Amino acid sequence: MPAYRMRTTLVCVTALAAASTALVSAPAAAAGPPASGHSATRAAIDAAVAAGVPGVVAEVRDARGLWQDSAGVADLTTHQPRGHGDRFRAGSVTKTLVATVMLQLQAEGRVDLDATVDHYLPGLVRGNGHDGRKITVRQLMNHTSGIFNFTEDATFAKRVLGIEFLESRYDDWTPQRVIALALRNPPPFEPGTSWKYSNTNYLVVGLIVERLTGRPYAQEVERRITGPLGMRATYFPGSDPRLPGPTRHYSTFTEDPGTTYDVTELNPSWAWAAGEMVTDTADLNRFFAALLGGRLLRPAQLRQMTTTVPTGGNLPGQRYGLGLIEYETSCGIPVWGHSGGIHGSSTQSFGSRDGRHMVTVNFNGDWVGGGKTIVSAEFCPPRQPPE
């Protein structure tokens, strides 16, 4: 695939307006690491395109204002460049918004995170060694539940993640059906004894949100988060396979590694509360700045969200909280946020602990890594040449 090098860049040095009216009192916090001038970030974006990513779009918000950059193309057919405001599928970044809603419900006294799954959804998680009477809501949220990850189920992986996706991309799924598929497999460990990322956990969390509120989980996220923050590019498509243009999403499959496929259209109902969200870079920076800045959660809930557990060798250099990742950059500076991957799209959205320095990056191809390299480039000061 040719490495298209078109680029657009926009720098704004005016102060950013507040994303929204504070929903709860924000605690005082120290400023994040100083901006590096973004030259290293720009170089890392260029390197990703040179490595084969069709297109990259990035946005940084820091003390100096707004910096946006893009490289490569949105569409391999028309060669239209990627641009700011392009919407994309954000995959597992969805989990952080769902976890935020759950923590708001906890603050309202409507859920006990240390109660069992069975307390809220009797009999849902049962079979092949899984037992919802022994798994807590908190364990779902920090991936210590031991529930099997449905994307690793052989039938699902072949049908949805392999080249058969080209035939099944419009299939409709319910969370109950996907959970049942996961439970055909034994758990990798007993609840609370280890850590393993499982998308199934957040399907269950989404169902708990619906049981507690009486509303669709997506409607609750919109009512509590995306609406008040003015995240106008963000929505939850349900079974709608379309993606607003112009960006196309591209993938390769192990069965045919030499071919690049347009996978833009897909029914994301299987991902549901674990990863169906569509958004853009500005909205994700707005969300994480509000979250980390204390405008969405009370201090007690934000402390719980940022209380992390080790991930072992599953996510190197990362620890996991309640729907939130603590990532140690290449220079040792910790940043907070979440990654997201879904067919043809890879997203990284991370920031300083106080949310004052944020970077969000999206690739519209899923076969080349390096998104976290861009995050590290933004937060790590450039090395000075020896004297």
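**Labels and the values behind them**

Tutor: Helix α9 is mostly covered, with seven of its ten residues buried. This is a predicted model.

Student: Which residues of α9 are the buried ones?

Tutor: They are Tyr 217, Ala 218, Glu 220, Val 221, Arg 224, Ile 225 and Thr 226. Down the axis of α9 they fall within an arc of 155°, so they line one face of the helix.

Student: Why do residues three or four places apart point the same way in an α-helix?

Tutor: An α-helix has 3.6 residues a turn, so residues at that spacing point the same way.

Student: What covers the buried residues of α9?

Tutor: The cover includes α2 (94-107), α8 and α10 (281-292).

Student: Which residues of α7 are buried?

Tutor: Helix α7 spans residues 175-182, and its buried residues are Pro 175, Val 178, Ile 179, Leu 181 and Ala 182. They cover an arc of only 155° around the axis, which puts them on the same side of α7. They pack against β6 (130-131), α5 (154-161) and α8 (199-213).

Student: Take Gln 104, in helix α2. Why is Gln 104 called buried?

Tutor: Its relative accessibility is 10%. The cut-off for buried is under 20%. Therefore Gln 104 counts as buried.

Student: What does Gln 104 contact, leaving aside its neighbours within four places in sequence?

Tutor: Gln 104 is in contact with Arg 224, Leu 296 and Leu 297. Arg 224 is one of the buried residues of α9. The C-alpha atoms of Gln 104 and Leu 297 are separated by 6.4 Å, although the two residues are 193 apart along the chain.

Student: Where is Pro 246, and why is it called partly exposed?

Tutor: Pro 246 sits in the loop between α9 (217-226) and β7. Its relative accessibility is 29%. Partly exposed lies between the buried limit of 20% and the exposed limit of 50%, so Pro 246 counts as partly exposed.

Student: What is Pro 246 in contact with, beyond four places in sequence?

Tutor: Its contacts there are Ala 74, Asp 75, Gln 80 and Asp 86. As for Pro 81, its C-alpha atom is 9.2 Å from that of Pro 246, and the two are 165 residues apart along the chain.

Student: What makes Cys 331 and Cys 380 a disulfide?

Tutor: The distance from S to S is 2.1 Å. The rule asks for sulfur atoms within 2.5 Å, so the pair qualifies as a disulfide. By this rule the count comes to one disulfide. The pair links distant parts of the chain, 49 residues apart: Cys 331 is in the loop between β12 (325-328) and β13 (334-342), and Cys 380 is in the segment after α12 (371-379).

Student: What is the handedness of the link?

Tutor: The angle about the S-S bond is -90°, and the link is left-handed.

Student: Are the two cysteines buried or partly exposed?

Tutor: Cys 331 has 41% relative accessibility, so it counts as partly exposed. Cys 380 has 9%, so it counts as buried.

Student: What makes β7 and β8 a strand pair?

Tutor: Three bridges join β7 (residues 250-253) to β8 (residues 256-262). The rule needs at least two bridges, so the strands pair. They run antiparallel. Tyr 250 stands opposite Asp 262 in β8. A hairpin joins the two strands through two residues.

Student: How do you know where empty space is left?

Tutor: Rolling a probe the size of a water molecule over the atoms shows it. A search of the whole structure finds one cavity of 30 Å³ or more. The largest cavity has a volume of about 40 Å³. Its lining includes Val 160, Phe 165, Trp 173 and Trp 270.

Student: What is the space in the largest pocket, and what lines it?

Tutor: The space is about 740 Å³. The lining has 37 residues; Ser 92, Asn 199, Gly 340, Gly 341 and Ile 342 lie nearest the centre. β13 gives the most to the lining, with five residues.

Note on methods
Residues are numbered from 1 along each chain as its sequence is written. This is a predicted model: local features need pLDDT of at least 70, side-chain atom pairs count only at pLDDT 80 or more; totals for chains, interfaces and linings use all residues. Side-chain values use heavy atoms; hydrogens and water are left out. Helices (H or I, at least four residues) and strands (E, at least two) are DSSP runs, numbered from the N terminus. Buried means under 20% relative accessible area, exposed over 50%, partly exposed in between (1.4 Å probe, protein chains only). The arc is that of the directions from the helix axis to the C-beta atoms. Contact means heavy atoms within 4.5 Å. On a 1 Å grid over the protein atoms alone, a cavity is a set of points where a 1.4 Å probe fits but cannot get out, and a pocket is an open set with protein on both sides within 12 Å along at least five of seven lines; lining residues have an atom within 4 Å of a point. Grid points are joined across faces, edges and corners, and a volume is the space filled by probe spheres set on the points.
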